[in-house]
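Student: I would like to learn how to read a pocket and a helix pair. Can you take me through them?

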Amino acid sequence: MKNVLKLEEVALMGLGIFMFGLLGYQWWWLPVLILTPDVSMLGYLLGAKIGALCYNIAHHRAVAILLYFVGAYFMLPIVELIGTILFIHIAMDRIFGYGLKYDKGFKFTHLGEIGKKNG
């Protein structure tokens with residue numbers, strides 16, 4: 001089942017990359033921006049609870065989709081770009097086993113504990 005879920009995330013990442021291509025930005029922007037959502041980890045400097053909240057807001061697929069559609073509706077290409085980058089980044093994180101965080105610490109995610117072999 002774990003491989004099926006990873007394959008699903010690969011497909012979602014492919015969809016995000018396809019959507020990025022439709023936006024008309026130069027392709028070099030994708031590798032430059034792909035890790036920017038991880039700035040949200042700075043919230044952990046203020047503690048595990050605030051860190052998890054900041055991280056989860058920046059890594060929630062619904063936020064990415066909402067941003068994309070708000071950008072499309074109001075014709076704000078930069079907001080579409082932000083939503084698309086978030087969408088791709090989230091899929092990439094899930095492929096590597098990084099999920100939404102619990103407030104007891106960074107390594108505790110909805111996909112299991114980071115660094116622990118989960119079968």
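**A pocket and its helices**

Tutor: Start with the second largest pocket: α4 gives the most to its lining, with 4 residues. Helices here are DSSP runs (H or I, at least four residues), numbered from the N terminus. The model is predicted: local features need pLDDT of at least 70, side-chain atom pairs count only at pLDDT 80 or more, and totals for chains, interfaces and linings use all residues. Residues are numbered from 1 along each chain, and side-chain values use heavy atoms, leaving out hydrogens and water.

Student: How is empty space found?

Tutor: Rolling a probe the size of a water molecule over the atoms shows where empty space is left. A pocket is an open set of points on a 1 Å grid over the protein atoms alone, where a 1.4 Å probe fits, with protein on both sides within 12 Å along at least five of seven lines; lining residues have an atom within 4 Å of a point.

Student: Which helices supply at least two residues each of the lining of the second largest pocket?

Tutor: They are α1, α4 (61-73) and α5. Among the lining residues are L15, A64, Y68 and F87. The lining divides into 7 nonpolar, 3 polar and no charged residues. Here Ala, Val, Leu, Ile, Met, Phe, Trp, Tyr, Cys and Pro count as nonpolar, Asp, Glu, Lys and Arg as charged, and the others, Gly among them, as polar.

Student: How do I read a helix pair, say α4 and α5?

Tutor: Compare their axes, lines fitted to C-alpha atoms over the stretch in contact, with angles from 0 to 180 degrees between N-to-C directions. The axes of α4 and α5 come within 7 Å and cross at roughly 160°. So α4 is roughly antiparallel to α5 (an angle over 145 degrees).

Student: What about helix α1 (residues 2-23) and helix α5 (residues 77-95)?

Tutor: Their axes come within 8 Å and cross at roughly 160°. Therefore α1 is roughly antiparallel to α5. Contact means heavy atoms within 4.5 Å. The residues of the contact of α1 with α5 divide into 15 nonpolar, 2 polar and 4 charged.

Notes. Angles under 35 degrees count as roughly parallel, over 145 as roughly antiparallel, 65 to 115 as roughly perpendicular and the rest as oblique.
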